[in-house]
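Subject: Handover of a structure, with findings

Dear colleague,

Please find below the structure that I am passing on to you.

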Amino acid sequence: MWFAGKEWQCPGCTGFTSQYTRLEFLDNYDARFVIVTQGPIKEALAYRQRVGNQMTWYSTANSSFGADVGAPPDAGFAVNVFLRDGGTVYRTWHTNGRGTEQLSHTFPLIDVLPYGRQEEWQDSPEGWPQSPTYSRWATSKDIAALYGPGSGGG
């Protein structure tokens, strides 16, 4: 999800992409993990650097591509898988929203903790800590501090 002109972008998107730092193993499968944003490329690449992303970023600003693949402007993000066969490209897989959780390691790891995500929707015993959904997520600024330039992690 891209917000034109904003210093910090969607914390969900930023947190999701920050998990992918070592992607060279995909080369053996002739595959690439890239970010396709609707933000202007200069602005997007500056953000990529600020938050410590390492994968390749592309921009589809001023095109319908995002809407065509389930991620319209200012309305969310999606994960898509494409197959190129000669000059033809096929979309072979798509998910968005909470469907992307299966591709991350953060939620599965948090889910095995004794108190889990500690979110209100969970069926937890009386007295267990609970808070609003997503309220414990790191902000994009927090992620940049953890993984961006000078953090020791990016």
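This is a predicted model: local features need pLDDT of at least 70, side-chain atom pairs count only at pLDDT 80 or more; totals for chains, interfaces and linings use all residues.

The largest pocket

The largest pocket holds about 1600 Å³ of space. Its lining consists of 47 residues, and those closest to the centre are Val34, Ile35, Val36, Asn80 and Phe82. Several elements give two or more residues to this lining: helices H1 (11-18) and H3 (65-68), together with strands S1 (34-37), S2 (56-59), S3 (78-85) and S4 (88-96). The largest contribution is that of S3, which gives seven residues. By class, the lining of the largest pocket comprises 31 nonpolar, 12 polar and four charged residues.

The second largest pocket

For the second largest pocket, the volume is about 750 Å³. Here 33 residues form the lining, and Gly12, Gly15, Thr106, Phe107 and Trp137 are the closest to the centre. At least two lining residues come from each of H1, helix H4 (106-111) and H5. Helix H1 gives the most, with six residues. The lining of the second largest pocket divides into 15 nonpolar, 13 polar and five charged residues.

Helices H2 and H5

Helix H2 (residues 41-51) and helix H5 (residues 140-147) have axes 7 Å apart and meet at an angle of about 60°. H2 is therefore oblique to H5. On the H2 side the contact involves Tyr47, Arg50 and Val51, and on the H5 side Ser140, Ile143, Ala144 and Tyr147. Five of the residues in this contact are nonpolar, one is polar and one is charged.

Residue Thr17

Is Thr17 buried or exposed? Its relative accessible area is 10%, and a residue under 20% counts as buried, so Thr17 is buried. Leaving aside residues up to four places away in sequence, Thr17 touches Ile35, Asn53 and Met55. One of these, Ile35, is also listed with the residues closest to the centre of the largest pocket.

I hope that these notes are of use as you begin with the structure.

Yours sincerely

Methods:
Residues are numbered from 1 along each chain as its sequence is written. Side-chain values use heavy atoms; hydrogens and water are left out. Axes are lines fitted to C-alpha atoms, for helices over the stretch in contact, and angles run from 0 to 180 degrees between N-to-C directions. Helices (H or I, at least four residues) and strands (E, at least two) are DSSP runs, numbered from the N terminus. Angles under 35 degrees count as roughly parallel, over 145 as roughly antiparallel, 65 to 115 as roughly perpendicular and the rest as oblique. Contact means heavy atoms within 4.5 Å. Ala, Val, Leu, Ile, Met, Phe, Trp, Tyr, Cys and Pro count as nonpolar, Asp, Glu, Lys and Arg as charged, and the others, Gly among them, as polar. On a 1 Å grid over the protein atoms alone, a cavity is a set of points where a 1.4 Å probe fits but cannot get out, and a pocket is an open set with protein on both sides within 12 Å along at least five of seven lines; lining residues have an atom within 4 Å of a point. Grid points are joined across faces, edges and corners, and a volume is the space filled by probe spheres set on the points. Buried means under 20% relative accessible area, exposed over 50%, partly exposed in between (1.4 Å probe, protein chains only).
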